[in-house]
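Have the model open and follow along.

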Amino acid sequence: MTNPTSPVHTYGPQAVVQPLLLDSPHSGHDFPADFGAAASEHALRDGEDCFIDELYQPATERGVWLLAAQFPRTYLDANRHAGDIDLDLLEGGHWPHTHVPSGKAAIGKALLWRTLDDGAPIYARKLGIAEVRYRIERCHTPYHRALQERIAATQARFGRSYHVNCHSINAVAGTQGEGGAGRARSDFVLGDRDGTSCDPAFTAFVREVLVGMGYDVKVNDPFKGVELVRAYADPRAGRHSLQIEINKRLYMDEAARTRHAGFEALQKNLLALVDALLDYTCSEVARR
Ligand SMILES: [Zn+2]
């Protein structure tokens with residue numbers, strides 16, 4: 001379903017036909033009029049997982065559902081708890097609703113980011129309670145509702161669900177980047193929150209497929225997965241969530257924010273990965 005004004009788009013069949021589903025929380029770049037940021041749009045797109053929704057879109061031809069945020073990650077990061085408010089960003093420094101700090105505020109990357117990866121401030125102002133609440137209601141709530149409902153519907157249909165949370169990473173960490181400034185990153189980083197958000201065999205399978213394609217792959221280092229793989233996962237109850245980070249150098253020119261010649265090859269490999277995952281997940285469903 002695509003609605004040009006909706007902050008959340010879904011692709012693929014409305015009915016559940018596969019035990020695998022995907023979400024891309026950070027590929028949006030429709031800049032809302034009420035953003036009120038001081039940083040330039042170009043700088044704000046540094047937080048974006050550029051083209052990740054497009055890279056995975058061929059999977060929808062296999063009946064795999066894909067959820068994609070349309071709002072920028074620097075406007076609201078859907079991969080955070082709705083209560084993960086950075087108090088330093090608020091007028092008055094007090095959040096009157098449930099406060100669930102994750103520690104990400106220390107690097108300026110709570111639900112609403114305060115700084116970019118290089119530490120530059122996003123705003124030249126504080127944010128009011130009402131505008132923060134508006135962003136949560138307009139973006140966070142529908143995104144999480146759509147994902148949670150799809151996971152539940154998938155489990156209702158198949159007895160289990162396999163959710164892949166799709167991201168990309170800059171080739172080299174910025175001064176406030178996870179894993180340490182200046183650190184060159186692997187081709188892929190898989191995150192299952194140290195084996196707690198999905199069956200470790202699922203993570204191992206994904207790793208094996210990607211290594212077989214010639215990629216260098218790390219697991220939970222330095223990215224373990226955050227809110228979207230935590231919130232609805234319960235491997236013992238059959239709900240599996242795995243984060244996959246792809247290095248931007250594999251498919252785009254980071255400075256120009258354009259795809260490069262590697263895009264198509266990566267897109268083909270991701271479709272081959274999805275095919276392998278469909279074999280894996282369908283046989284897991286049949287086995288139990
Ligand atoms: Zn991301």
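Which residues of α6 are buried?

## Helix α6

This is a predicted model. In it, the buried residues of α6 are L266, L270, L273, V274, L277, T281 and E284. An α-helix has 3.6 residues a turn, so residues three or four places apart point the same way. As for what sits over the buried residues of α6, the cover includes β2 (20-24), α2 (52-56), β4 (161-169) and α4 (200-212).

Now turn to β3, residues 65-69, which is mostly covered, with 5 of its 5 residues buried. W65, L67 and A69 point one way, L66 and A68 point the other way, and all are buried.

β3 pairs with β1 (residues 8-11) in the antiparallel sense, over 4 bridges, and A69 is the bridge partner of V8. With β2, β3 runs parallel, again joined by 4 bridges; here D23 stands opposite L67.

## The core

The largest nonpolar core has 65 residues, and those with the most contacts inside it are L22, Y56, V64, L66, L242 and I244.

Take L22 as an example: leaving out residues up to four places away in sequence, L22 touches Y56, A59, V64, W65, L66, V164 and C166.

Notes. Residues are numbered from 1 along each chain as its sequence is written. This is a predicted model: local features need pLDDT of at least 70, side-chain atom pairs count only at pLDDT 80 or more; totals for chains, interfaces and linings use all residues. A nonpolar core is a set of buried Ala, Val, Leu, Ile, Met, Phe, Trp, Tyr and Cys residues joined through C-beta atoms within 7 Å. A residue is buried if 20 or more other C-beta atoms lie within 10 Å of its own, exposed if 12 or fewer, and partly exposed in between; C-beta atoms are placed from the backbone. Two residues are in contact if their C-beta atoms, placed from the backbone, lie within 7 Å. Helices (H or I, at least four residues) and strands (E, at least two) are DSSP runs, numbered from the N terminus. Two strands pair if DSSP finds at least two bridges between them.
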